[in-house]
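Me: I would like to learn how to read a sheet and its packing. Please take me through one example.

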Amino acid sequence: MADLQVAPWTLVIPVKRTAIAKSRLAAAYPQHRPELARAFAVDTTAAALRSPLVHTVLVVTDDPLVGADVTAEGARVVPDLPAAGLNEALLHGATVAAAEFAGNGIAALSADLPALRPAELTAVLAACTTARSFVVDQPGTGTTLLAAAPGVPLDPRFGVGSALAHQASGAVPIELTGIESVRRDVDTAADLAHAVQLGVGPATADVMSLVLGAATGTEGLAC
């Protein structure tokens, strides 16, 4: 299956409505939590589209603002018709991807990777040479990327303990070094601080500038 290393990929990125997304950031960022969730999705999508192995990005969302932003970046928006949770949204996106891009591999990518680097994502996708592969998140229990070869069902099992769930389902963990940006999803303020250290994308950087301005009483002057 070595040809998978150069096969194009269709990425499916699920984005929850930002009004309710990233609730664990609310305590630290009560005013800017929705903006941060939106910015994470935009930066993740923009970085993914810059990988030479990514043919198409499908963003599954019912958030109109996110939809407009990612469309401007070059992604395609797929409405979350099931509206039944993360895995159902991914299955819906994967179904659309398989129907329209049958020769592509399909990869589910978390929407909260604001420090994502295209080169690191490309390295991960090039390493996806088994039927199903996945990337374990920074804490070591979750999943940030799940990839399936052309014609192979994605079978997403995201949620608490998803790394073990995906491995138990037969997916193979990607054992690469130097892919911190692919593993750094953001759920907490500490996660975001680490992502900022890695270097976040422009949308997240803009919101963090507003956060800094609010903290110093100069939000209106932040840029």
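Me: Which handedness does the β-α-β unit made by β1, helix α1 and β2 have?

Reply: First, the ground rules. This is a predicted model, where local features need pLDDT of at least 70, side-chain atom pairs count only at pLDDT 80 or more, and totals for chains, interfaces and linings use all residues. Residues are numbered from 1 along each chain as its sequence is written, and side-chain values use heavy atoms, with hydrogens and water left out. Helices (H or I, at least four residues) and strands (E, at least two) are DSSP runs, numbered from the N terminus. A crossover is right-handed if, with the strands pointing away from the viewer, the path from the first strand over the helix to the second runs clockwise. Here β1, helix α1 (residues 33–49) and β2 make a right-handed unit.

Me: In which sense do β1 and β2 pair?

Reply: Strands of a sheet pair through backbone hydrogen bonds, either parallel or antiparallel. Two strands count as paired if DSSP finds at least two bridges between them. β1 and β2 (residues 54–61) are parallel, over seven bridges. Leu-11 has Val-57 as its bridge partner in β2. β1 also pairs with β4 (residues 105–109), again in the parallel sense, over four bridges. There, Trp-9 stands opposite Gly-105.

Me: What is the strand order in the open sheet?

Reply: The order is β3-β2-β1-β4-β6-β5-β7, seven strands with mixed pairing. β3 (76–78) and β7 (172–173) stand at the edges with a single partner strand each, so one side of each has no neighbour in the sheet. β3 pairs with β2 in the parallel sense over three bridges. Val-60 and Val-78 are bridge partners there.

Me: How many residues of strand β1 are buried?

Reply: Buried means under 20% relative accessible area, exposed over 50%, partly exposed in between (1.4 Å probe, protein chains only). In β1 (residues 9–15), seven of the seven residues are buried, so the strand is largely enclosed by the rest of the structure. Trp-9, Leu-11, Ile-13 and Val-15 point one way, and Thr-10, Val-12 and Pro-14 the other.

Me: Which residues touch the most other members of the largest nonpolar core?

Reply: In soluble globular proteins, nonpolar side chains tend to be buried together. A nonpolar core is a set of buried Ala, Val, Leu, Ile, Met, Phe, Trp, Tyr and Cys residues joined through side-chain atoms within 4.5 Å. The largest one has 29 residues, and Trp-9, Leu-11, Val-57, Leu-109, Leu-121, Leu-125 and Leu-145 touch the most other members. β1 supplies its largest share, four residues. Another core, of 18 residues, lies apart from it and includes Phe-134 and Phe-158.
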